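Here is a friendly briefing to read alongside the model. Have the viewer open, and follow the topics in order.

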Amino acid sequence: MDNMLDKIEGVEERRKHLHKGGGDAAIEKQHQATKLTARERLALLFDKGTFNEDNLWVRAYRGDRELPGDAVVTGTGKIHGRPVFVYAHDFTVVAGTFGHGLHYKVQRTMQMARESGLPLIGVIDSGGERMGGREGSEGPGSPSLYFLPMLGSGVVPGITIMLGPSFAGSAYSPTMASDFYIMRNKTAQMAVASPPLLKTVTFKDVTAEEIGGATLHATTTGTADFLTETDDEA
C-alpha cells in the first residue's frame, strides 16, 4: 500500500512539474511581456473546474532539454455550461514552436471536435515551426494541420484567440479554421514570414507590426474580427 501511495505521489509531482511549462523564469518573462501563460488563459476561458486536459504526458525533448507538453495544452472544458475543445500554445516552452508532439496533440483535438460536432477554440502564441532538425516536421502519412481545419470549416464553430506571435506554420490553420478571429493589439502579430526571414530575401528591414500587427489585420486585411488590448479582454 505504501508503495502504491509513493507511486501516486510521484505522478502528482510529475504533473505539477509539467504544469509549470518552461519553468518559473519563463513564466516570469511571459508576465513581464504583459501576457498570461497558456494555463492562466484557459482558467479565464472556461467555467471554473471544468477543464479536462488530454495528452499531458506526451514526451518531447530538444537535445537533453525536456519540453513539457511539447509547447501546447489541449483538452475540453465548458463555457457557460457548453462543452468546447481547445488547444493553447505554451510560449514558455521554446516559444510555443511546433514539434512532433504539438502536431499530434493539435491534430487530434481538431479531429475530435469535428467528430463530436463541438466548437473548437485555438489560443495562439507561437513562433511557428521548430528549427534545428526533424523535430518540427509532422512525419509521413499524418493528417496535416493545414488540411484538417478545412475539414472542420462550416462543420463545427471555430474561434481563434491570437494573443502572441504567429509566423509561418502557426499562421495558416487559425485563419482556415475560424469563424471569428480575435487579436490582441501590440502583442499579437501574424504573417507568413518573420521580419528576419524577409530581411534575408528582400534585404529590407520591416517590423512585426508593419507586416502582421493586430491593427493591420483589423483595419486592412480584414482577418481580425475583434481587436482587444489585454489577454483578459480577449
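A salt bridge is a side-chain nitrogen of Lys or Arg within 4 Å of a carboxyl oxygen of Asp or Glu. With that in hand, Lys-35, Arg-41, Asp-125, Arg-184 and Asp-231 are linked in a network of salt bridges. This is a predicted model, in which local features need pLDDT of at least 70 and side-chain atom pairs count only at pLDDT 80 or more, while totals for chains, interfaces and linings use all residues. Residues are numbered from 1 along each chain as its sequence is written, and side-chain values use heavy atoms, with hydrogens and water left out.

**Salt bridges**

- Searching the whole structure gives twelve salt bridges.
- Side chains of opposite charge can pair when their charged atoms come close.
- Arg-41 and Asp-125 pair through their side chains at 3.1 Å, N to O. This pair links distant parts of the chain, with Arg-41 in helix 3 and Asp-125 in strand 6, 84 residues apart. Helices (H or I, at least four residues) and strands (E, at least two) are DSSP runs, numbered from the N terminus.
- Arg-41 and Asp-125 are both buried. Buried means under 20% relative accessible area, exposed over 50%, and partly exposed in between (1.4 Å probe, protein chains only).
- Arg-39 forms a salt bridge with Glu-53, and their closest N and O atoms are 2.7 Å apart. Arg-39 lies in helix 3 (residues 38-45) and Glu-53 in strand 1 (residues 52-54), so the pair ties together parts that are 14 residues apart in sequence.
- Arg-39 is partly exposed because its relative accessibility is 23%, and Glu-53 is partly exposed at 24%.
- Glu-115 and Arg-108 also meet in a salt bridge, at 3.8 Å from N to O. Glu-115 counts as exposed because its relative accessibility is 57%, whereas Arg-108, at 28%, is partly exposed.

**Nonpolar cores and a surface patch**

- In soluble globular proteins, nonpolar side chains tend to be buried together.
- A nonpolar core is a set of buried Ala, Val, Leu, Ile, Met, Phe, Trp, Tyr and Cys residues joined through side-chain atoms within 4.5 Å.
- The largest nonpolar core has 25 residues, of which Tyr-87, Val-106, Met-110, Met-162 and Met-183 touch the most other members. At least two residues each come from strand 5 (82-89), helix 4 (100-116), strand 6 (120-126) and strand 8 (180-184). Helix 4 provides the largest share of this core, four residues.
- Beyond four places in sequence, Tyr-87 touches residues including Val-72, Val-106, Met-110, Ile-124 and Pro-174. Contact here means heavy atoms within 4.5 Å.
- A second, separate core has twelve residues, among them Leu-42, Val-73, Val-86 and Ile-182.
- On the surface, Met-4, Leu-5 and Ile-8 form a nonpolar patch with about 290 Å² of accessible area together. Patches are made of residues with over 30% relative accessible area and no salt bridge, with like charges joined within 9 Å and nonpolar side chains (Val, Leu, Ile, Met, Phe, Trp, Tyr) within 5 Å. The areas come from the Shrake-Rupley method with a 1.4 Å probe, and for residues only the protein chains shown count as cover.
- Met-4 sits in helix 1 (residues 2-19) and is partly exposed, at 48% relative accessible area.

- Ser-126 belongs to strand 6. Ser-126 counts as buried because its relative accessible area is 0%. A polar atom of the Ser-126 side chain lies 2.8 Å from the backbone oxygen of Gly-96.
- Gly-75 is part of strand 4 (residues 72-79) and is buried, with a relative accessible area of 0%. Past four places in sequence, the contacts of Gly-75 include Phe-51, Glu-53 and Val-86. Gly-75 and Thr-215 are 140 residues apart along the chain, and their C-alpha atoms are separated by 30 Å.
- Lys-20 falls in the loop between helix 1 and helix 2 (24-32) and is partly exposed, at 42% relative accessible area. The side chains of Lys-20 and Asp-24 are joined by a polar contact of 3.1 Å. A polar contact is a pair of N or O atoms within 3.5 Å; within protein, one must be able to donate a hydrogen and the other to accept it, and residues adjacent in sequence count only if both atoms are side-chain atoms.
- Lys-20 and Thr-92 are 72 residues apart in sequence and 8.8 Å apart in space, C-alpha to C-alpha.
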